[in-house]
Amino acid sequence: MLVGFHYPWSAARNIVSMSKHTTATFREAHPEPPFWRVRFEMLNPPRPGCFLLADFGAPLREVLFPAALHAEGFDVLVPPGHPVQRLLPGEAVDLLGPFGRGFQTEQVERLLLVAEAHLLPPLLPLLEAAPMVTLVLAAPTRALLPPAQRFPPAVELHLITQDGSVGYAGTLETCHNADSPLLEAVQWADRLCASCDPVFYPKLARIVRQQRLNPPSNFAQVLIQVAMPCGVGACEICRVQTVNGERRACTDGPVFDVLDFVF
Ligand code: FES
């Protein structure tokens, strides 16, 4: 992952504000360990994998991925202590967006979701995006996993814990043995969407190549979660290295084909 900074901020802000400025209304927030669930009302919320940039008073805007979409707007999941908890019901939040290239799951029958527990929220809107959904979810230990009852009953859940406290013992990185739930699920799926540490994606790309021989483009779509302060390709903070050279997460992603990371 490359990081740089070469752009006049005032110019970037002007470009964005002309086209993508909007607001959402804060409705309520409540704990949903290990996160807080925050509900906003908004017309035209972002599609899964796309994002908004919110002004919570910090020097840089914050990336918000929807964790749930509903008739009036969207929910996000934020860590405890997040500044959104200081908002009052009915308060307007200044937003830019939606931005980015999101997940494509149209006409998918068997959808495989792969996530590390702390990066799971942007995948949650996809839990009912296909007739059959399998979720492979990894965490260091059982206590850092969300309770199984939070997921729709139709979702097939495979857990991986580093300490073996529940599910398969290991990590996504080491999940390449024949009995691994990940390998079998990659063979089963006709679309894979992942939200993990990007260091795992070259390994995931190799697993996809091994299990699928000639996977079609976009068979495996992976989300890159990095700082994206301008959202329009102007500041270059979000550059990522791919087989096709440098790309910007905010405009070329943040969802990429995993095969872009087979070096
Ligand atoms: S967020 Fe500025 S270039 Fe991507």
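A: What follows describes the sheet, then the residues and the core around it, and then the rest of the chain.

This is a predicted model, in which local features need pLDDT of at least 70 and side-chain atom pairs count only at pLDDT 80 or more, while totals for chains, interfaces and linings use all residues. Residues are numbered from 1 along each chain as its sequence is written.

The sheet in question is open and has seven strands in the order β11-β10-β9-β8-β12-β13-β16, with mixed pairing. Strands, like helices, are DSSP runs numbered from the N terminus (E, at least two residues, for strands; H or I, at least four, for helices). Two strands pair if DSSP finds at least two bridges between them. In general, strands of a sheet pair through backbone hydrogen bonds, either parallel or antiparallel. The edges of this sheet are β11 (168–169) and β16 (255–257), each of which pairs on one side only. Strands β9 and β10 pair in the parallel sense over six bridges. L137 stands opposite L159 in β10. Helix α2 (residues 181–188) packs on the sheet and touches β8 (110–116), β9, β10, β11 and β12 (191–195). The direction of α2 makes about 155° with that of β9; axes are lines fitted to C-alpha atoms, for helices over the stretch in contact, and angles run from 0 to 180 degrees between N-to-C directions.

Strand β10 covers residues 156–161 and contains L157. L157 is partly exposed because 16 other C-beta atoms lie within 10 Å; a residue counts as buried with 20 or more such atoms within 10 Å of its own C-beta atom, as exposed with 12 or fewer, and as partly exposed in between, with C-beta atoms placed from the backbone. Leaving aside neighbours within four places in sequence, L157 is in contact with L135, L137, A148 and F151, where contact means that the C-beta atoms, placed from the backbone, lie within 7 Å. L157 and R110 are 47 residues apart along the chain, and their C-alpha atoms are separated by 14 Å.

The largest nonpolar core has 72 residues. Such a core is a set of buried Ala, Val, Leu, Ile, Met, Phe, Trp, Tyr and Cys residues joined through C-beta atoms within 7 Å. Strand β9 (residues 132–139) gives the most to this core, with six residues. Among the residues with the most contacts inside the core are L111, V114, A194 and V222. Not counting residues up to four places away in sequence, V114 touches V136, L182, L192, A194 and C196.

The loop between β13 (220–223) and β14 (239–242) holds C235. C235 is buried because 24 other C-beta atoms lie within 10 Å.

The chain is divided into domain 1 (20–99) and domain 2 (110–225), with bounds that come from an automatic or database domain assignment. Their C-alpha centres lie 25 Å apart. The contact between them takes ten residues from domain 1 and seven residues from domain 2.

Conventions. Contact = placed C-beta atoms within 7 Å.
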